[in-house]
Every structure is written in structure tokens, then in C-alpha cells.
Amino acid sequence: MTSVAIIGVALGMRHGADPNHLAASDGLTRIRPRASNGVYFALGHALVMIILAVGMGRLVAGRFAFLGPWSLILLGVVNLWRLLRGSNQVQPHKHLRIAQPFLLGMLLAAGFETASQLSALILAGQNNAFLVGAAFSSGMLLVDGLDGYLAASTLRLATFGEARAKSASRVLGVIVVIFAFSLGGAELIGVELAGVALPLGLSLFMVVLGIRIWARGEWLSPERSSHFRGLQSGK
């Protein structure tokens, strides 16, 4: 069972790096700037995955599968609108809202059947479905949670007026729009992307990570880091 769990975690981490996950998590952060976006997105995605892994809900998921690509395209439209407006402002929220990323995660789980997701479902059919589902979800939660945190912190730096972060935010916004439209459109017209999902996802993840690291170059000194923490705490 230990080897099955390890494989499940690896598949979950691989799935979390899929381009549709990165586009959804980053795109949502520009609309709803919360560091927890990736975590709630992964939990919503994991709920559908576990339901499917134990052999339930496939008919229901199939009926709502068409909403996944359209959700991604809608996310791209909103991000494009914000880019054209030149908005990097973080809007404060008084209450923690989990419905948006959680629901988006559920819709994309039903609407995008990637190779890693199908592999996990096959593995679950041959082993303990709950164990595979939990392991897969853990790996996905790790990658998506980290991505959501980094996306929110980069946007926050841009809001405080840092030149590199503002440039990085614009570039990341363009990347989100391109991938949201491309992936959603490809799914709608039936283009098979399974063969390129892994290299595309890993390349996108490395590019996005590199841009975020570059955006933090202005905050490497202890003095500026201390100043940034003071801004975050409202001091």
C-alpha cells in the first residue's frame, strides 16, 4: 500500500502542474487575491476525483463536464479585461470566501480528463480507492497550494508599487489569458492535449516560477523585506 500511496502522491503533484491548473489558480488570484486560492481549488478538484475514484458520480460529472472549459474561458475574459484596465489593485475582503476556487476546482475536474487524472482513476480501480484518492489529493494540494500562495504574494508586491512585481504581474496576466483561452478552446473543439500536457505544464510552471523569483529581486535585502512585512501587517 505504501508504494501505491507514493505513486498516488506523485500523480497528484504531476496533475497539479497541469497547465489548466496553473492558468485557473493564477487567473483566479488576479480576480480574488487570496493566498488560499490554490488550496481551495485543489480541495474542490479532489472532492470530484475521490467521488469518481470510488465509482460514484460519473454520470453527474459527465453532465457538467462542458462547464469546465467555459469556466476557464470566462476566467480568461475577466483577466483580459483587468489587463486592459491596467488594474493590479488588491481588493480587501472582510470574509473568507471559498466557494469560487472550490467550485472552479470541481468544474475543471469534471471538464478536463488529463492523463494523470485518468492514471489515478485506473490505479484507484485496482487498489484501495480511498487511499489512492487521498494520496492523489495530497500531492495536488501541495503543488496547487504553493502556486496559489506565490501568485497572491506576487500580486501583493505589484499592489505596493514595486516595478519588477508590476511588470511580472502583467506578464503573468498575459500568460494566464493565453492559456485560459487556448486550453478551454482546445477542450471545447476536442483537440487532444494529453501528449503535450506534461512538458507544457512543467515548462509553464518553470517559467511562472522564474518570473516570480525575478519579481522578488527588489526585496532581497533585509531592510526592504522588513518594510514589506510592515506593509502587509498594516503598520
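Q: How is the packing of α2 and α8 described, by what angle and what distance between the axes?
A: Two packed helices are described by the angle between their axes and by the distance between those axes. In this predicted model, the axes of α2 and α8 cross at roughly 35° and come within 9 Å. The crossing of α2 past α8 is right-handed.

Q: Which residues of α2 and α8 meet?
A: From α2, the residues are His21, Leu22, Ser25, Asp26, Thr29 and Arg30. In α8 they meet Met140, Asp144, Asp147, Gly148, Ala151, Ala152 and Leu155. Sorted by class, this contact of α2 with α8 has five nonpolar, four polar and four charged residues.

Q: At what angle do α1 and α8 cross, and within what distance do their axes come?
A: Again, the angle and the distance between the axes describe the pair. Helix α1 covers residues 2–16. Its axis and that of α8 cross at roughly 40° and come within 6 Å. α1 and α8 are therefore oblique to each other. Here too the handedness can be stated: α1 passes α8 in a right-handed crossing.

Q: Which residues make the contact of α1 with α8, and how do they divide by class?
A: On the α1 side are Val4, Ala5, Gly8, Val9, Leu11, Gly12, Met13, His15 and Gly16. The α8 side consists of Leu131, Val132, Ala135, Phe136, Gly139, Met140, Leu142, Val143 and Asp144. The division is 12 nonpolar, five polar and one charged.

Q: How do α2 and α3 pack, by angle and by distance between the axes?
A: Helix α2 (residues 19–31) packs on helix α3 (residues 37–53) at an angle of about 135°, and their axes are 9 Å apart. That makes α2 oblique to α3. The crossing of α2 past α3 is right-handed.

Q: Which residues of α2 and α3 are in contact?
A: His21, Ala24, Ser25, Leu28 and Thr29 of α2 meet Asn37, Gly38, Phe41 and His45 of α3. By class, three residues in the contact of α2 with α3 are nonpolar, six are polar and none is charged.

Q: How many cavities of 30 Å³ or more does the whole structure have, and what is the volume of the largest cavity?
A: A cavity can be read by its volume and then by its lining. The search finds three cavities of 30 Å³ or more. The volume of the largest cavity is about 90 Å³.

Q: Which residues line the largest cavity, and which element gives the most?
A: The lining consists of Asp26, Thr29, Arg30, Ala151, Thr154, Leu155, Ser169, Leu172, Gly173, Val176 and Arg212. The elements that give two or more residues are α2, α8 (129–159) and α9 (163–189). α9 gives the most, with four residues. In terms of class, the lining of the largest cavity has four nonpolar, four polar and three charged residues.

Q: What is the volume of the second largest cavity, and which residues line it?
A: The second largest cavity has a volume of about 60 Å³. Its lining is formed by Leu22, Ala23, Asp26, Leu172, Ile175, Val176, Phe179, Leu204 and Val208. At least two lining residues come from each of α2, α9 and α10 (194–215). The largest share, four residues, is supplied by α9.

Q: How does the lining of the second largest cavity divide by class?
A: Eight of the residues lining the second largest cavity are nonpolar, none is polar and one is charged.

Methods. Residues numbered from 1 in each chain as written. Predicted model: local features only at pLDDT ≥ 70, side-chain atom pairs only at ≥ 80, totals over all residues. Heavy atoms only, no water. Axes fitted to C-alpha atoms, helices over the stretch in contact; angles between N-to-C directions. Parallel < 35°, antiparallel > 145°, perpendicular 65-115°, else oblique. Left-handed = near helix turned anticlockwise from the far one by under 90°. Contact = heavy atoms within 4.5 Å. Nonpolar A, V, L, I, M, F, W, Y, C, P; charged D, E, K, R; others polar. 1 Å grid on protein atoms, 1.4 Å probe; cavity = no way out; pocket = protein on both sides within 12 Å on 5 of 7 lines; lining within 4 Å. Points joined across faces, edges and corners; volume = space filled by probe spheres on them.
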